[in-house]
Amino acid sequence: MKKLVLVLALCAAMAGAHVAAHAAEYPEPVQGDHVLKDFRFASGQTMPELRIHYRTLGKPQRDAQGRVTNAVLITHGTGGSGTQFLRPEFAGELFAPGGLLDAQRYYIILTDGIGHGGSSKPSDGLHARSPLARLNSSTFGQVKFPQAGQSGL
């Protein structure tokens, strides 16, 4: 029994060292906010300013027309925020050199959806008149922000 506990403890220590080693290999995220003016929800209601909070890793590469060619937009589900993708078991594996989304090769954008993290909540501007933020409005807001050509995109 003591040998089994020792082996399990050794395996856990090695796994923790592996995760910690990979976590340090990707670049430090840069945070920012992008404001979309007169954002229209699927319901037709608008907010004068919709703030999308984001984190980026890597550097944008542009083509001759100035368009970013290496951007990867990663959005979270109906809960959480973009920060959840910075955990060592995710970022340390995917964003590290040689990883599937190597941050030295790709410009990775992690957004906070409408109503989550540092992004605007529908009630920020409309209060009691706030529309329900439907998934299609949230997705449109996150996709529209990189197309706006701001914040290094």
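Along the sequence, the protein follows the pattern α-β-β-β-α-β-α-α, with four helices and four strands in the protein. Helices (H or I, at least four residues) and strands (E, at least two) are DSSP runs, numbered from the N terminus. The model is predicted: local features need pLDDT of at least 70, side-chain atom pairs count only at pLDDT 80 or more, and totals for chains, interfaces and linings use all residues. Residues are numbered from 1 along each chain as its sequence is written, and side-chain values use heavy atoms, with hydrogens and water left out.

- The four strands form an open sheet with mixed pairing, in the order 1-2-4-3; two strands pair if DSSP finds at least two bridges between them.
- Strand 1 (30-40) and strand 3 (71-74) are the edge strands, each pairing on one side only.
- On average, neighbouring strands of this sheet are turned by 30° against each other, direction ignored; the axes are lines fitted to C-alpha atoms, and angles run from 0 to 180 degrees between N-to-C directions.

**Strand pairs**

- Strand 1 and strand 2 (residues 46-57) run antiparallel and are joined by 10 bridges.
- Across this pair, D33 stands opposite H53, and L36 stands opposite L50.
- Five residues lie between strand 1 and strand 2 in their hairpin, and G44 in the turn has a positive phi of about 100°.
- Strand 2 also pairs with strand 4 in the antiparallel sense, over four bridges.
- T56 has I109 in strand 4 as its bridge partner.

**Nonpolar cores**

- In soluble globular proteins, nonpolar side chains tend to be buried together.
- A nonpolar core is a set of buried Ala, Val, Leu, Ile, Met, Phe, Trp, Tyr and Cys residues joined through side-chain atoms within 4.5 Å; buried means under 20% relative accessible area, with a 1.4 Å probe and protein chains only.
- The largest nonpolar core has 12 residues in all, including Y26, L57, V72, F85, F95 and L110.
- Strand 3 and strand 4 (107-111) are the elements that give two or more residues to this core.
- Another core, of seven residues, lies apart from it, with F41, M47, I52 and I114 among them.
- Leaving aside neighbours within four places in sequence, L57 is in contact (heavy atoms within 4.5 Å) with residues including Y26, L86, F95 and I108.

**Whole protein**

- Of the 153 residues of the protein, 33% count as buried.
- Among contacts with a separation of 6 or more, 68% come from residues 24 or more positions apart.
- The accessible surface comes to about 9,000 Å², of which 58% belongs to carbon and sulfur atoms; such areas come from the Shrake-Rupley method with a 1.4 Å probe.

Methods
Buried < 20%, exposed > 50% of the residue type's maximum accessible area, 1.4 Å probe, protein only.
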